[in-house]
Amino acid sequence: MSRPSHRGSSRSVRSGVALACVFTGVLVTGAATGSWPEGADGAESRVLASGARASLSHSGGAASAAEDDARRLVSTRGDRWSAAYTAEEYERLRRGLEGEYVGTGIAVLRTADGRIEVGEVHEGSPAERAGVAPGDEILAIDGVPLAGGPVTDVVGRLRGSDQAEQAGRGSTVLLALERDDRRWDLQVERARLTVRSVSVAESADGVTRIEVNSFTRGAAELLREAVAEVPDGDGIVLDLRGNAGGLLTEAAEAASVFLDGGLVATYEVYGDERALHAESGGDTGTPLVVLVDGGTMSSAEMLTGALQDRNRAVIVGARTFGKGTVQMPSEQPDGSVAELTVGHYVTPSGRTVDEDGIVPDLVVGAGQDAEEEARTVLGGLDAGG
């Protein structure tokens, strides 16, 4: 089966405002999935996962008057997704949406017994060069034991964003690690790294699994390239579990990979309704299953809803998080930013996802292997096609 390699971008997708649907959601997603990539910007660790207003507090400094204005603007809206940032914080968030961050290259997770483990080490990162490996337990950071604090604090300390001034590339962090009853200290340098938003598993049994962990800039093009390389005859499992969202335009372009034109979503900007459309020429023939869970949110939910409503994919997994709001930055005089909710997005069939999320076509219960269920469904689609 041939797959189109259409690389253009439709005006309807590109002309939309670069609206973001990710910032505060990263925290709640981590709570839902247990996986915390270091690429989740340290500034986000100051946003309250409970849905309360964002805090601009820093270790060792008071907020300026303009920062107070941003915080006050956010607090008066009564919106769980609005957030306030200093100019420096927002610049780091902007870089995060561009797929860049300063860190060591470690993704961490909390185990069932409360330990902090290395979940993933990014290829080519300082952590990999220093010998850190998945499964290593992190006992302490810079001499301070990890004793039951939020995982976001661990991420912030790895990044250096817990300091009075954001640690830059070239700075170092001292890790106390344990592996197979061996304990040692290791100093790891921080560097400017690129988030790997799309990864592809080797084809096996006629199935290629493509994981998209965020919709940073360029993610849709990476997805298009990955789909173009899928072996003829394979079906695709698109894994959006733990995807906290990102740019709406990137998610719409990702929909274009699997659709031949048509509506992806409508959304509001202060009551003004706008639409996102897929470009023509997408792959509409390859069997497709989308994996989701409670950590699938925002623009990832928008993509899921579009593929479900357009009957392009079978959705497998658990109910998604339920964040259907759209945020837009409002810059203050000193460059600080209030990230304000400007509206909601709606799927092609007219559904909103706020609170209720998206219910999969096949709900996978506790104890079931979601990926195995997806492969089974994919086999049925292939047989039926």
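R169 sits in the loop that joins α6 (151-159) to β9 (172-179). Helices (H or I, at least four residues) and strands (E, at least two) are DSSP runs, numbered from the N terminus. The model is predicted: local features need pLDDT of at least 70, side-chain atom pairs count only at pLDDT 80 or more, and totals for chains, interfaces and linings use all residues. Residues are numbered from 1 along each chain as its sequence is written, and side-chain values use heavy atoms, with hydrogens and water left out.

R169 has a relative accessible area of 60% and is therefore exposed. Here, buried means under 20% relative accessible area, exposed over 50%, and partly exposed in between (1.4 Å probe, protein chains only). Residues up to four places away in sequence aside, R169 contacts V102, R190, A191 and R192. Contact means heavy atoms within 4.5 Å. The C-alpha atoms of R169 and E189 are separated by 7.6 Å. Along the chain, R169 and E189 are 20 residues apart.

Backbone geometry was examined next. Most residues other than glycine have a negative phi. D142 is not a glycine, yet its phi is positive, at about 50°. D142 belongs to the loop between β7 (137-141) and β8 (144-145). Its relative accessible area is 40%, so D142 is partly exposed.

Y270 also has a positive phi of about 50° without being a glycine. The loop that holds Y270 runs between β16 (263-269) and β17 (272-277). Y270 is exposed because its relative accessible area is 54%.
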